[in-house]
Structures are given as structure tokens and as C-alpha cells.
Amino acid sequence: MVKNSFISVITQEENSGSVEFQVFHFTSKIRRLTLHLELHKRDFLSQRGLRIILGKRQRLLTYLSKKKKVRYKKLMDKLDIRESKTR
């Protein structure tokens, strides 16, 4: 899970429009929906919402990895996200 110290740092220092904040926000939504879907396996609308959010986060991470490699690596380490496989 995300460390509480990182949560306070990202919310205080970053504005809500930055790529890092958006990825952090999507990651927290993904983790919340994942826990919900463990209890409610047949909630297909939540599954669809989860796939949509995963796609949005993936597009933001791809943008960040192409434009600002150092910030991308730092964010991936702090949020404990695996790097995506390249096609």
C-alpha cells in the first residue's frame, strides 16, 4: 500500500493538475475498487470502471515515461507500481 508520509507529501506539494498527482489519485481509486471487487465478484459495472481507470493511469504513465524519465522512475518506486511491458 501507499505510505502515509508519501500521501501527505503529494497532496501538499503537488497541485491537482500534475501528472504525479493524477497517477496517485488513480492508484488510490484502483486499490479501493480492487478491495471492493474482492467482496463483490459479480459487480460488473465496477469492473468496467476499474478497467477505464487502469487505462487512464496507463496513458499518463506512458506520457510521463516518455517526457520525464526521472520523475517516472521516482513515482513508480514510491507508489510501488510495476512497470508495464512494452509492446
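## Packing of H3 and H4

Axes are lines fitted to C-alpha atoms, for helices over the stretch in contact, and the angles between N-to-C directions run from 0 to 180 degrees. In this predicted model, helix H3 (residues 44–67) and helix H4 (residues 69–79) have axes that come within 6 Å and cross at roughly 135 degrees. H3 is therefore oblique to H4.

On the H3 side, the contact is formed by Leu61, Leu64, Ser65 and Lys67; on the H4 side, Lys69, Arg71, Tyr72, Leu75 and Met76 take part. Sorted by class, the residues of this contact comprise 5 nonpolar, 1 polar and 3 charged.

## Helix H2

Helix H2 spans residues 19–39, a run of 21 residues. From its first C-alpha to its last, H2 reaches 31 Å, close to the 30 Å expected at 1.5 Å a residue.

Arg59 belongs to helix H3. With a relative accessible area of 56%, Arg59 is exposed, because the cut-off for that class is over 50%. The C-alpha atoms of Arg59 and Val23 are separated by 9.8 Å, the two residues being 36 residues apart along the chain.

## Asp80 after H4

Asp80 is located in the segment after H4. Although Asp80 is not a glycine, its phi is positive, at about 60 degrees. Asp80 counts as exposed, with 62% relative accessibility.

Notes. Residues numbered from 1 in each chain as written. Predicted model: local features only at pLDDT ≥ 70, side-chain atom pairs only at ≥ 80, totals over all residues. Heavy atoms only, no water. Helix = DSSP H or I, 4+ residues; strand = E, 2+ residues; numbered from the N terminus. Parallel < 35°, antiparallel > 145°, perpendicular 65-115°, else oblique. Contact = heavy atoms within 4.5 Å. Nonpolar A, V, L, I, M, F, W, Y, C, P; charged D, E, K, R; others polar. Buried < 20%, exposed > 50% of the residue type's maximum accessible area, 1.4 Å probe, protein only. Expected span 1.5 Å × (residues − 1).
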